[in-house]
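Please walk me through the side-chain packing and charge pairing in this protein. Running paragraphs will do.

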Amino acid sequence: MTFGRAPVRVVVVGSGIAGLTVALHAADAGCRVTLATKDVLEHANTRYAQGGIAGVMFPDDRADAHLQDTLIAGAGLGDPAAVRVLVEEGPARIRELIALGVAFDRAADGTLVKGLEAAHSYPRILHAGGDATGTAIERALVAALRAADIDVVEHAFLVDLVCDGARAVGVDLLLGETDAAEGRRARLDADAVVLATGGAGELYAHSTNPDVATADGIAAALRAGAAVADLEFVQFHPTTIAVGTPFLVSEAVRGEGATLIDDVGRRFAFDAHPDGELAPRDVVARAIARRMSEQDGRPVRLDAAPVHPGDPAARAVHLARRFPTIDTAVRERGLDWAREPIPVTPAAHYLMGGIATDLFGRSSLSGLYAVGETARTGVHGANRLASNSLLEGAVFGARAGDVIRTDAVTGTWVGPAVEAGASAAPAADVPVTTPLDPVPVFSRRRLQEAMWQGAGLIRDEDGLSHTQALIAAWRAHTRTPRREKDYEDENLLLVAAHLVAAAQARTLSVGAHYRRDTAPAPRSAAPDLVAEGTR
């Protein structure tokens, strides 16, 4: 395929850090870029990221230490080559964000403020606006995009990929839907398509994700025949406020000293791991779930007093300044975390699996790229290290954007090593072992409850089989999507089927995939690459 003087046409779907970064880099490389997003540009998971972005930005930190922390958190299942790319290219991407205007928090002397989060051996987390890092990054990238020569289509729902044989050549969109009227279909032709549509948080009854996280890109890729991997690995954030709409309380709060206590005021997290509240997320989330079960389902509590010991009034000022977004959410729910511990519970937070890609975002389907939470790069393994998600979006978004034009012009395609990364048989090939009669009427809420109970934080074969049968029965019933929500429901059902199939296929517990009916998998130790004194 040759393009001569004609620009390479790129369609990016999604407007979080990964999608915006791809679009900017591809435009800089000479591509003609159109970015389509489901809502407005600013409404993406990135804006909800509180904890920050991890990166080796200080002279006494080491890339090898960040690499080892990432591999250990991922239970040894991360791809060392992908993690090496992440930690070595991450600082350049962070400096790029700073150049775009992201004002990371700085001390009085002008140096970047260090933050510590769970499973990091060094306080390498950068924050902006205390706990508004994602919002600061999203605003800066959106401003850069609007100033660039990039076409933007908002309120554009991805219906499907358009393929010519085994190559992606565009997208089919639903545009202009309102409460009173159905949308119209439109096709965008492209030489390359990039999916940056986020994860699948809407699969679960309790989630930290916005309601746009309905797995649209992953579902479209599945229908087009692209390989997916590691869908069984769903990260459940340990601490969301258990009053009102779920709201994430950043790991940074525990990183600065907050503790988890049960009904009698006991710090129970050390029962599960010697690092207590700062153990990997999957460990802390399960410790909370167990303690809640032991106290008849009542939430545990997060005690912020150790963050700023002493006078509660002074503590209130400190919490409002350091964590302004969380502080507002806490107080809107009638809670005063400066004076008393607040109730918290786990919730679905992040999908480690997704569309299988190589180190430049290429999928197994020619012309199709995936970045961010939509992709399975191999960085996260079985459990994502805190604050690596924004970094992954920036690093691999830039890598994909930088190579798209060359890939299209040369007509070469590498793609991922699918045979090494595919995690389960196609969902349609999994026999239903627990037929249901009668079958409850489908609703998204019923699907979310079924996934929470049967394929959530703690799993077993009985729960997975029941959930699998329920999803199969719902999928067997023919529906004709007309509205955006209908398409979302079909996407959620498809990805749920593959997620449950992957969870059934992985019979041993590892990382975020925990099965109480089987033994843990042998833990693959990360190579000891940390030099003496850097931890």
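Is Phe 236 buried or exposed? At 3% relative accessibility, Phe 236 counts as buried, where buried means under 20% relative accessible area, exposed over 50% and partly exposed in between, with a 1.4 Å probe and protein chains only. This is a predicted model, in which local features need pLDDT of at least 70 and side-chain atom pairs count only at pLDDT 80 or more, while totals for chains, interfaces and linings use all residues. Residues are numbered from 1 along each chain as its sequence is written, and side-chain values use heavy atoms, with hydrogens and water left out.

Consider the aromatic rings. A pair of aromatic rings is described by the distance of the centres and the angle of the planes. Rings of Phe, Tyr and Trp (its six-membered ring) pair if their centres lie within 6.5 Å; planes under 30 degrees apart count as stacked, over 60 as edge-to-face and the rest as tilted. A search of the whole structure finds eight aromatic pairs. In one of them, the ring centres of Phe 58 and Tyr 122 are 6.3 Å apart and the planes stand at 40°, so this pair is tilted. Phe 58 is in the loop between β3 (53-54) and α2 (63-73), and Tyr 122 is in the loop between α3 (80-99) and β4 (125-126), so the pair ties together parts that are 64 residues apart in sequence. Helices (H or I, at least four residues) and strands (E, at least two) are DSSP runs, numbered from the N terminus. Phe 58 is buried, with a relative accessible area of 10%, and Tyr 122 is buried at 5%.

Phe 236 belongs to another pair: with Tyr 204 it is edge-to-face, 5.3 Å centre to centre with 80° between the planes. Tyr 204 sits in the loop between β9 (192-195) and α5 (216-224) and Phe 236 in strand β11 (residues 234-241), so parts 32 residues apart in sequence are tied together. Tyr 204 is buried as well, at 3% relative accessibility. Ring pairs link Tyr 204, Phe 236 and Trp 452 into a cluster.

Tyr 204 also touches Arg 459, a residue in the loop between α12 (444-454) and α13 (461-476). Contact means heavy atoms within 4.5 Å. Arg 459 is buried yet has no salt bridge, and Glu 232, the nearest side chain of opposite charge, is 6.8 Å away. The backbone oxygen of Glu 232, however, lies 2.8 Å from a polar atom of the Arg 459 side chain.

Now the charged pairs. Side chains of opposite charge can pair when their charged atoms come close. A salt bridge is a side-chain nitrogen of Lys or Arg within 4 Å of a carboxyl oxygen of Asp or Glu, and the count comes to 44 salt bridges. Arg 362 forms one with Asp 358 (2.8 Å, N to O), and both residues are buried. Arg 362 also forms a salt bridge with Asp 407, the closest N and O atoms being 2.8 Å apart. Arg 362 is in the loop between β15 (354-356) and β16 (368-370) and Asp 407 in helix α10 (residues 389-410), so this pair ties together parts that are 45 residues apart in sequence.

Arg 479 meets Glu 490 in a salt bridge of 2.6 Å, N to O. At 27% relative accessibility, Arg 479 counts as partly exposed, and Glu 490 is partly exposed at 24%.

Methods:
Lys and Arg count as positive and Asp and Glu as negative; His and the chain ends are not counted. A polar contact is a pair of N or O atoms within 3.5 Å; within protein, one must be able to donate a hydrogen and the other to accept it, and residues adjacent in sequence count only if both atoms are side-chain atoms. Lists of a residue's contacts leave out its neighbours within four places in sequence.
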